Amino acid sequence: MKLTVIGAGNMGGAIARGALVSGTVRAEDVTICDPDDGFVKQLSSEGWKVNYFEDNTKGVAGADIVVVAVKPWLIEEVLRGISGVVDRQNQSVVSIAAGVPFADLAKYIGADRFGGPALYRVIPNTAISIGKSVTFIASYNSTAEQDIPVHTLFAPLGKVFNVGENQMQAVTALSSSGIAYAYKYIEAATEGGVSLGLPGEMALEIVLATVDGAVAMLGHNGSLPKTEIDKVTTPGGITLKGLAAMEDAGFSQAVIKGLEATK
């Protein structure tokens, strides 16, 4: 597989690095396109000798997959810029620009006029940098054969879900934005620990270990959160009192409203 990544920021860099570390792509088959060669120099210092171009049109040539990892307001300029050099029969183009639908992507790259290429919308979250992303892939004008290498590219970077474009807003709220909401709980719980008299570093360590254990239990038992909650609550017990106080303060509704506001 030959991979070109346009935009070597946090997400683009993480995708390229993940592909290299996992062995999915050889260094000589990776091309980075970016106005700044800082990321390429960093890879080089780590022993990864990848290809580099400032000019996107030069970097696209010969790639099997072109990942466009730029901000949503730049996606039109980038796609129109490479539309004349994309191999519409043999290349797949992946956009990670949140909120830009296939209708626009197809227009920008000229699919509405010239057909092809296979297009993908991919929504990861920031944990992609450590191979723990939850990544969602929607496809447009692709074949099952073309879908395989795109899935293969992202599978080593965390858990991958194939979704329809009509589900993109929901999964973005739940995971791409949702990782910030998970951090918010951890932050609030840590502050609560401090208010109970614990040192800040100790409180954070306890909260992180507790969250890790809770996630592991759900995975190990294949159970629903309510089932595990019932195991640690007894009538009149302190856990039940704590949960009741959280609900009185609007905990569950606050989470749901936060997710809905992300749409």
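At 40% relative accessibility, Glu-187 counts as partly exposed, because buried means under 20% relative accessible area, exposed over 50%, and partly exposed in between (1.4 Å probe, protein chains only). This is a predicted model, in which local features need pLDDT of at least 70 and side-chain atom pairs count only at pLDDT 80 or more, while totals for chains, interfaces and linings use all residues. Residues are numbered from 1 along each chain as its sequence is written, and side-chain values use heavy atoms, with hydrogens and water left out.

**Salt bridges within a helix**
- Glu-187 forms a salt bridge (a side-chain nitrogen of Lys or Arg within 4 Å of a carboxyl oxygen of Asp or Glu) with Lys-184, and their closest N and O atoms are 2.9 Å apart.
- Both residues lie in helix H9 (residues 178-195), three residues apart, so about one helical turn separates them; helices are DSSP runs of H or I with at least four residues, numbered from the N terminus.
- Lys-184 counts as exposed, at 53% relative accessibility.
- Glu-228 and Lys-231 also meet in a salt bridge, at 3.3 Å from N to O.
- Glu-228 is buried at 13% relative accessibility, whereas Lys-231 is exposed at 55%.

- Arg-121 pairs with Glu-165 in a salt bridge, with the closest N and O atoms 2.9 Å apart.
- Arg-121 is buried at 6% relative accessibility, and Glu-165 is partly exposed at 30%.

**Overall**
- The structure holds nine salt bridges.
- Arg-26, Glu-28 and Asp-29 are linked in a salt-bridge network.

Terms used. Helices (H or I, at least four residues) and strands (E, at least two) are DSSP runs, numbered from the N terminus.
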